[in-house]
Amino acid sequence: MKPKHSDAEVGESSADTAVHRLRRERELNSLYATARTLTALGDVDTVLASIVRHAHELIGTDVTYLSVLDEDQAELTLRASEGSLSEAFRSAQVPANTGVGGRVLQTHAPVWVKNYLTDPTLVHDPEFDRELGHEGIVALLGVPLRDGNRVFGILYAADRIERPFHIDEVVLLSAFADHAAVALQNARLYQESREALAELREAYSTIERSAQVHEALTRVVLTGGGAREVADVLVTALGGRVALYDRDDHVLVIAGDLRNAPDVLVGELRAPLAESRGSGRCITTVDSAGEFHGVVAVLAGDSYLGAVVLSLARNPTEVDRHILERASQIVGLMTLKQNAVVQAEERVRGELLTELIASPRPYGAEIRARAESRHLSVDDFNALLVVHCPTLRAADVVRHLHRISYEQTALAGLHLGAATMLLRTDDIDVAAAELHRRLRAALRAPVLVCTSPILPSHENLQRPFTLASRCARILHHLGVSDRSTSTTHLGVYAMLFDPDRGDDLQFFLSDTLGHLLEYDQRRSSGLIATLAAYFENSGNLTRTSKDLHIHMNTLVKRLDRIALVIGDAWRRPENALPLQLAVHLHTLIHEPPLSAELRL
């Protein structure tokens with residue numbers, strides 16, 4: 001027989017049921033309202049903060065927080081909290097195999113303890129235990145955030161008193177966690193989509209920017225622009241400083257910030273330039289001052305045409321490098337086009353030079369007309385010079401002569417394999433020295449420049465060319481490789497010696513001066529210098545002693561010593577002439593490469 005309940009007991013039970021039902025309805029309404037709110041949120045951090053805030057309001061515990069597994073799934077990192085007091089707690093990390101969180105990850109089910117710090121069934125992390133102690137947390141409930149079968153985070157509810165958690169609280173927090181997990185995953189997808197869209201927009205912007213720069217560079221080519229216009233386009237697009245260099249690594253143009261702009265591509269940029277010449281790509285580097293450089297070689301097949309250098313306060317981006325590489329191709333096309341025009345003009349000027357040297361004077365109307373079409377007056381030329389560089393081809397030297405000839409209204413070219421120039425000058429020695437200086441700086445190599453005057457009596461220019469080229473070859477055989485001179489000083493040697501028989505020249509010097517050179521070397525007596533001064537002063541002893549800054553008796557003793565070494569007959573005219581010639585040649589060989597006034 002079932003026991004009977006009093007009316008009061010029945011009434012009290014009905015009232016408890018009604019209160020419980022009303023509380024459950026409020027919780028469910030709050031849960032669904034919260035779920036609807038979460039679905040409208042955007043980025044992940046905002047959703048995390050909202051999840052914790054709504055859970056805190058819904059459950060009513062002292063502290064609510066959420067931790068997420070890191071990418072390695074080795075640690076749980078606290079990402080959002082509500083009700084916490086400690087700043088250190090808000091960024092706490094705990095190993096994923098410890099505490100309530102470790103148990104949740106292991107079981108994929110809710111876990112609660114009435115006193116976390118004293119619970120012996122949990123694996124404790126001392127550092128996290130200290131943080132919980134500082135925060136005053138005692139009772140702790142954790143429920144999983146799932147993505148399918150994977151647990152990616154844990155939602156916690158905690159109180160600062162020891163107590164158990166009722167099943168209703170566990171179910172409610174678990175239901176909220178399920179809604180929150182969906183909202184969080186949606187937020188992640190939304191954020192990833194937004195980031196992907198931003199990347200697409202950036203990529204489109206990059207493509208559009210590159211297209212605009214390419215269009216601007218193409219317009220420069222089509223409108224006949226040059227290096228200056230290309231540099232200006234790059235500075236407008238990329239900022240910083242842009243320098244364009246020619247095949248000799250000398251600057252053509254610099255645009256933008258002109259501070260620390262080098263005129264020659266040297267130093268710390270040489271290594272990246274060499275790498276770019278090998279790969280054809282833009283190579284970036286940073287110098288000792290902290291400035292970044294993007295260096296790309298201008299290439300046409302295996303030919304090196306120059307370089308483009310972008311200098312910035314920041315590291316050039318991939319887009320910057322791509323634009324720079326495209327610009328180098330444009331510069332290469334422009335250079336090839338310009339080179340074709342220049343080479344055609346240089347070939348015509350070279351042919352005109354050969355005709356002027358070989359044709360009889362006065363010149364005919366046709367050759368004069370051809371010269372005048374290039375603003376040249378054939379009657380103005382009064383000097384011919386030949387240039388010899390032992391380390392470079394004559395064609396490379398001529399390329400530099402052409403540049404100089406345009407400035408001086410001169411004419412340059414190859415004639416019989418020699419780099420040659422016709423010019424107008426008031427002083428052939430000064431002209432030779434200036435040309436030597438400029439070629440020495442441009443070629444960065446020793447160079448011989450020999451100038452010959454063009455006289456009205458010359459029927460053609462073959463004779464001055466022959467004298468100049470012979471003098472240059474004689475100097476080369478004598479070991480002189482870096483000097484400027486003229487045939488007015490060396491003409492006698494060009495007539496006396498065959499420059500193609502260098503051994504005969506060396507034998508003449510050794511046979512004539514050999515004993516004196518050996519004596520000077522053993523005794524440091526200066527007999528060769530004494531002879532040079534003696535011949536320079538036409539045998540006048542007084543002037544010779546003054547030039548040498550020695551006493552007359554000392555001079556006489558030296559001359560007597562010369563007689564002992566090579567014989568008394570050295571003063572006879574037939575012996576003095578070859579001796580004087582040998583001394584002059586010896587002095588020419590051993591004098592400084594450049595006199596003081598011509599030194600670089």
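This is a predicted model: local features need pLDDT of at least 70, side-chain atom pairs count only at pLDDT 80 or more; totals for chains, interfaces and linings use all residues.
Me: Why are helices α10 and α11 called oblique to each other?
Reply: The axes of α10 (residues 394–408) and α11 (residues 428–443) cross at roughly 130 degrees and come within 11 Å. Angles over 145 degrees count as roughly antiparallel and those of 65 to 115 as roughly perpendicular, while the rest, beyond the under 35 class, are oblique. The pair α10 and α11 is therefore oblique. The crossing of α10 and α11 is right-handed.

Me: Which residues of α10 and α11 meet?
Reply: Val397, His400, Leu401, Ile404, Glu407 and Gln408 of α10 meet Leu435, Arg438, Leu439, Ala442 and Leu443 of α11. By class, the residues of this contact are seven nonpolar, two polar and two charged.

Me: What makes β3 and β4 edge strands in the sheet of six strands?
Reply: The order of this open sheet is β3-β2-β1-β6-β5-β4, and its pairing is antiparallel. β3 (93–95) and β4 (111–113) each have a single partner strand, so one side of each is without a neighbour in the sheet. Neighbouring strands here are turned by 25 degrees against each other on average, direction ignored.

Me: How do you know that β4 and β5 pair?
Reply: Two strands pair if at least two bridges are found between them. β4 and β5 (residues 139–147) have three bridges, in the antiparallel sense. Trp112 stands opposite Leu141 in β5.

Me: What packs on the sheet that contains β1, β2 and β6?
Reply: Helix α2 (residues 44–59) does, touching β1 (63–69), β2 (75–82) and β6 (150–159). The direction of α2 makes about 65 degrees with that of β2.

Me: What makes β13 and β16 the edge strands of the sheet of five strands?
Reply: This open sheet has mixed pairing and the order β13-β14-β12-β15-β16. β13 (411–415) and β16 (483–486) each pair on one side only. From one strand to the next, the twist averages 20 degrees.

Me: How do you know that β12 and β14 pair?
Reply: Pairing requires at least two bridges. Five bridges join β12 (residues 383–388) to β14 (residues 418–423) in the antiparallel sense. Val387 stands opposite Ala419 in β14.

Me: Which strands do helices α8 and α12 lie across?
Reply: Helix α8 (residues 318–358) lies across β12, β13 and β14, and runs at about 80 degrees to β13. Helix α12 (residues 462–477) lies across β12, β13, β14, β15 (448–453) and β16. The angle of α12 to β15 is about 150 degrees.

Conventions:
Residues are numbered from 1 along each chain as its sequence is written. Side-chain values use heavy atoms; hydrogens and water are left out. Axes are lines fitted to C-alpha atoms, for helices over the stretch in contact, and angles run from 0 to 180 degrees between N-to-C directions. Helices (H or I, at least four residues) and strands (E, at least two) are DSSP runs, numbered from the N terminus. A crossing is left-handed if the near helix is turned anticlockwise from the far one by less than a right angle, and right-handed if clockwise. Contact means heavy atoms within 4.5 Å. Ala, Val, Leu, Ile, Met, Phe, Trp, Tyr, Cys and Pro count as nonpolar, Asp, Glu, Lys and Arg as charged, and the others, Gly among them, as polar.
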